[in-house]
Amino acid sequence: MAQDVVALEQLKTFSGLIHRQPLFINDELDVAGYHISFFDQNGEKLDDDSAVPDFVQHLPEIILDINHNPNALLSIPHSWQQALLALPKISASLTLDININSLPSSQHNGAIRYAKRLNTSANGHDHQTLLIDLALDNLQQLSESDIRAWRQHHDILCAINVNDIEQYHYCKSHRLDLLEGIFYTKPDKHAGQPLHPSTQTLMSLLVRLQEEDVETEDLTDIINQDISLSYKLLRLINSAFFGLPKKWKVPSKPFSCWA
């Protein structure tokens, strides 16, 4: 435990930016893992020969501690990747964002897997995951035959930078396996449809529920963004199933009582 605290303190000394995004399973309200990326202070990609900070040797344990999930996609410099591969033991299940044809040899066959990005020079036939960056690649110009060809060489198709609901629905219809982006934070603009809890609200709620230190006020704020979800929750709380002595009118009250 003390070692984990020291490792987290070392992570805090990193002078650049760290991005942590959930990887959603397509067509399921569940998180498969997290994409963790490291950038310089300007938000730019780190050089592949960047100095290896001390916390890298503890990165698998740090990931388990902050994610509560053993699966992580790592976008880190090549020098950091080499340091990870040299570790005697890796406790997490890591996928390295790596774009070279000749993959490094590793003693961690079960714990280390590889991902490549679409439209890079790497042939990628040994990369389990294909990363499709919607900020760079226009998915709507790709055909069904393109997706079938990717499936022949990759077990997982992961779309990143899925930043609006239209992109989300397109990825969902083409059965891409994993989705990453801020699409779940934006309201659905479609009108004239039955009032159901929005996918974005449910996904936001799911992400927060996976955090051990989540506050009830944060959950209430998310639920209050969706009138239908608030109504359904209050109807359930006030039902005979719970048998409360009085009816609640706002979701924050029962949350406070049960916290």
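I looked up Cys 171 and found it buried, at 0% relative accessible area. I note that this is a predicted model. Cys 158 is buried too, with a relative accessible area of 1%. I then searched for disulfides and the structure holds zero.

**The chain overall**

I read off nine helices and eight strands. Of the 259 residues, 42% count as buried. The chain exposes about 14,600 Å², of which carbon and sulfur atoms supply 51%.

**Salt bridges**

I found seven salt bridges in the structure. I went through some of them.

- Lys 12 pairs with Glu 9, with the closest N and O atoms 3.2 Å apart. Both sit in helix 1 (residues 2-12), three residues apart, which puts about one helical turn between them. Lys 12 is exposed at 62%, and Glu 9 is partly exposed at 42%.
- Asp 48 meets Lys 45 at 3.7 Å, N to O. I have Asp 48 as partly exposed at 43% and Lys 45 as exposed at 61%.
- Glu 144 meets Arg 175 at 3.4 Å, N to O. Glu 144 lies in helix 4 and Arg 175 in the loop between helix 5 and strand 8, so this pair ties together parts 31 residues apart in sequence. Arg 175 is exposed at 54%, while Glu 144 is partly exposed at 32%.
- Asp 97, Arg 117 and Asp 133 are linked in a salt-bridge network.

Note on methods. Residues are numbered from 1 along each chain as its sequence is written. This is a predicted model: local features need pLDDT of at least 70, side-chain atom pairs count only at pLDDT 80 or more; totals for chains, interfaces and linings use all residues. Side-chain values use heavy atoms; hydrogens and water are left out. Helices (H or I, at least four residues) and strands (E, at least two) are DSSP runs, numbered from the N terminus. Buried means under 20% relative accessible area, exposed over 50%, partly exposed in between (1.4 Å probe, protein chains only). Accessible areas come from the Shrake-Rupley method with a 1.4 Å probe; for residues, only the protein chains shown count as cover. A disulfide is a pair of cysteine sulfur atoms within 2.5 Å. A salt bridge is a side-chain nitrogen of Lys or Arg within 4 Å of a carboxyl oxygen of Asp or Glu.
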